[in-house]
Amino acid sequence: MIAAAQAHEALAVDVDDYVDVFGALSRAGVEVMGQRLGGLLGLYIDGGQGVPGCLVNTGLEEVSMRHTAAHELGHHLMGHGTSIDHQEQSPGRWGEGWPQHEREAEAFASWFLMPRPAARAALARCDLTRPESPLDVYRMARWLGTPYATTVRHLVRLKMIDRPTEAVWLKYSPGSLKADLVDGVSLGPQAHIHVLTPAAHAATVHVTADDCLLLAVPGARYDHLPAGLSSAPPDTAGQMSFLHVTVGPERNRTAWVTQDLAVDSTVTATTGSTEVFRVNLRRTPGREGSNRFWA
C-alpha cells in the first residue's frame with residue numbers, strides 16, 4: 001500500500017479516476033512490449049544490464065493486461081529483479097504457494113490500480129455508497145478497469161466488505177454476472193457490459209470492441225449513435241432483455257462498440273427534460289508490439 005502511494009506521487013498518477021498504468025510504466029523508464037505468451041501472464045527484466053523492461057501477454061483481456069502491467073511495475077519499483085509470472089499466479093489463486101516478492105507485487109498492483117479515492121469514485125458513478133452484491137462489484141470494476149476477482153479481494157483491504165462476503169462473491173464469475181445483465185445475446189469472452197447511471201454523466205468510459213453500453217438513466221434514449229457504435233449486438237440483430245437494470249429492452253437504450261470506434265468519442269442521450277446525458281468513450285489501444293505504438 002505504501003509503495004503504491006509513493007508510486008502514485010512519484011509518477012504523477014491521478015488517484016481519483018481510472019489509473020493509466022501504461023503511462024506510469026513509461027514515466028518510470030520501463031520499456032514495455034506486448035505479444036501473445038501462451039501460459040505466461042508477463043515478465044519483468046531488471047535494468048542491471050541496461051534499460052528495464054516488461055512483457056505483457058496480449059492474449060489476455062484488457063483488464064488482465066492492466067493488472068499484469070501493474071504487477072510488473074511493482075517488481076520494478078520494489079527492486080525485485082527479473083521475474084516470470086505464470087497463469088497459475090493469476091488472481092484466482094491469490095497467494096497460494098507464492099514467494100514473498102510475488103505476493104508483494106500482486107498487492108502493489110491492486111493498491112496501484114484501486115487507490116481508495118478511485119474506488120470511491122467508481123462507486124459513486126454506479127450510484128452506490130457501498131457494494132451490496134457481486135453485480136455491484138462487476139459494475140464498479142468496469143470504471144476501475146480491473147478484473148472482477150481482484151476487485152472483490154481488494155474491497156476487503158478497503159474495508160468495504162468482510163472476509164465471509166469475499167468468499168461468497170468470489171464464487172461468481174464475470175461471465176455469469178454479464179449473463180445477469182443481458183439475456184439472449186452472445187457476448188465474446190473479453191466483452192464487457194458498462195451500466196450507465198445518471199451519476200456517470202460526463203465521465204469517461206474505457207471500452208474495447210464488442211463492449212455494450214447499457215443506458216440506465218430514467219426516461220433517456222440514445223441520440224444518433226456516432227461512428228463506431230451500433231444499436232445491434234455484434235453477432236445478432238435480436239432484441240435483448242434486462243434482468244437487474246431498471247430500463248426496458250428497447251434498442252435505443254443499448255449501444256455496442258465496434259472495431260470502427262475512434263480512440264476518443266462521445267455518445268449522448270436525450271432525457272425527459274431539456275437535459276442531455278453524455279459520456280465520453282475512450283477505446284483502449286492495441287497492445288501488440290512496443291510501447292512506442294501504444295499512444
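Colleague: Which residue in S3 is the bridge partner of Val32?

Modeller: Strands of a sheet pair through backbone hydrogen bonds, either parallel or antiparallel. In this predicted model, Val32 has Cys54 as its bridge partner in S3. The two strands concerned, S1 and S3, run parallel and are joined by 5 bridges.

Colleague: How many bridges link strand S1 to S13, and in which sense do the two strands pair?

Modeller: Strand S1, residues 31–35, pairs with S13 in the antiparallel sense, over 2 bridges. Within this region, Met33 stands opposite Ser290 of S13.

Colleague: In what order do the strands of this open sheet lie?

Modeller: The order is S4-S2-S3-S1-S13, which gives an open sheet of 5 strands with mixed pairing. Strand S4 (83–86) and strand S13 (289–290) are at the edges; each has a single partner strand, so one side of each lacks a neighbour in the sheet. Helix H3, residues 62–77, packs on this sheet and touches strand S2 (40–45), strand S3 (53–57) and S4. The direction of helix H3 makes about 25° with that of S2.

Colleague: Where do the side chains along S1 point?

Modeller: The side chains of S1 alternate between two faces. Val32 and Gly34 point to one face and are buried.

Colleague: Is Cys54 buried or exposed?

Modeller: A residue is called buried when its relative accessible area is under 20%. Cys54 has 4% relative accessibility, and therefore counts as buried. Cys126 is likewise buried, because its relative accessible area is 2%.

Colleague: How many disulfides does a search of the whole structure find?

Modeller: A disulfide is a covalent bond between the sulfur atoms of two cysteines. For this structure, the search finds 0 disulfides.

Colleague: Which strands form the open sheet that includes S10?

Modeller: That sheet has 4 strands in the order S5-S7-S10-S9, and its pairing is mixed. Its edge strands are strand S5 (193–196) and strand S9 (229–230), each of which pairs on one side only. Strand S7, residues 212–215, and strand S10, residues 254–257, run antiparallel and are joined by 3 bridges. As an example of such a pair, Cys212 has Trp256 as its bridge partner in S10.

Colleague: Which residues does Val257 touch?

Modeller: Val257 lies in strand S10, and it is buried, with a relative accessible area of 2%. Leaving aside residues up to four places away in sequence, Val257 touches Val207, Thr208, Ala209, Asp210, Asp211, Gly228 and Leu229. Val257 and Leu229 are 28 residues apart along the chain, while their C-alpha atoms are separated by 4.8 Å.

Colleague: How many cavities of 30 Å³ or more does the structure hold?

Modeller: Rolling a probe the size of a water molecule over the atoms shows where empty space is left. The structure holds 2 cavities of 30 Å³ or more, and the largest cavity contains about 50 Å³ of space. Its lining consists of Arg139, Arg142, Trp143, Ile193, His194, Val195, Leu196 and Val205. Helix H6 (134–144) and S5 are the elements that give two or more residues to this lining. The largest share, 4 residues, comes from S5.

Colleague: How many residues of H6 are buried?

Modeller: In H6, 11 of the 11 residues are buried, so the helix is largely enclosed by the rest of the structure. Among these buried residues are Arg139, Arg142 and Trp143, which also line the largest cavity. Just after H6, Gly145 takes a positive phi of about 70°.

Colleague: What percentage of the residues in the protein chain is buried?

Modeller: Of the 295 residues in the protein chain, 52% are buried. The chain has 9 helices and 13 strands. For contacts between residues at least 6 apart in sequence, 63% join residues at least 24 apart.

Key. Residues numbered from 1 in each chain as written. Predicted model: local features only at pLDDT ≥ 70, side-chain atom pairs only at ≥ 80, totals over all residues. Heavy atoms only, no water. Disulfide = S-S within 2.5 Å. Buried < 20%, exposed > 50% of the residue type's maximum accessible area, 1.4 Å probe, protein only. Pairing = 2+ DSSP bridges. Contact = heavy atoms within 4.5 Å. Axes fitted to C-alpha atoms, helices over the stretch in contact; angles between N-to-C directions. 1 Å grid on protein atoms, 1.4 Å probe; cavity = no way out; pocket = protein on both sides within 12 Å on 5 of 7 lines; lining within 4 Å. Points joined across faces, edges and corners; volume = space filled by probe spheres on them.
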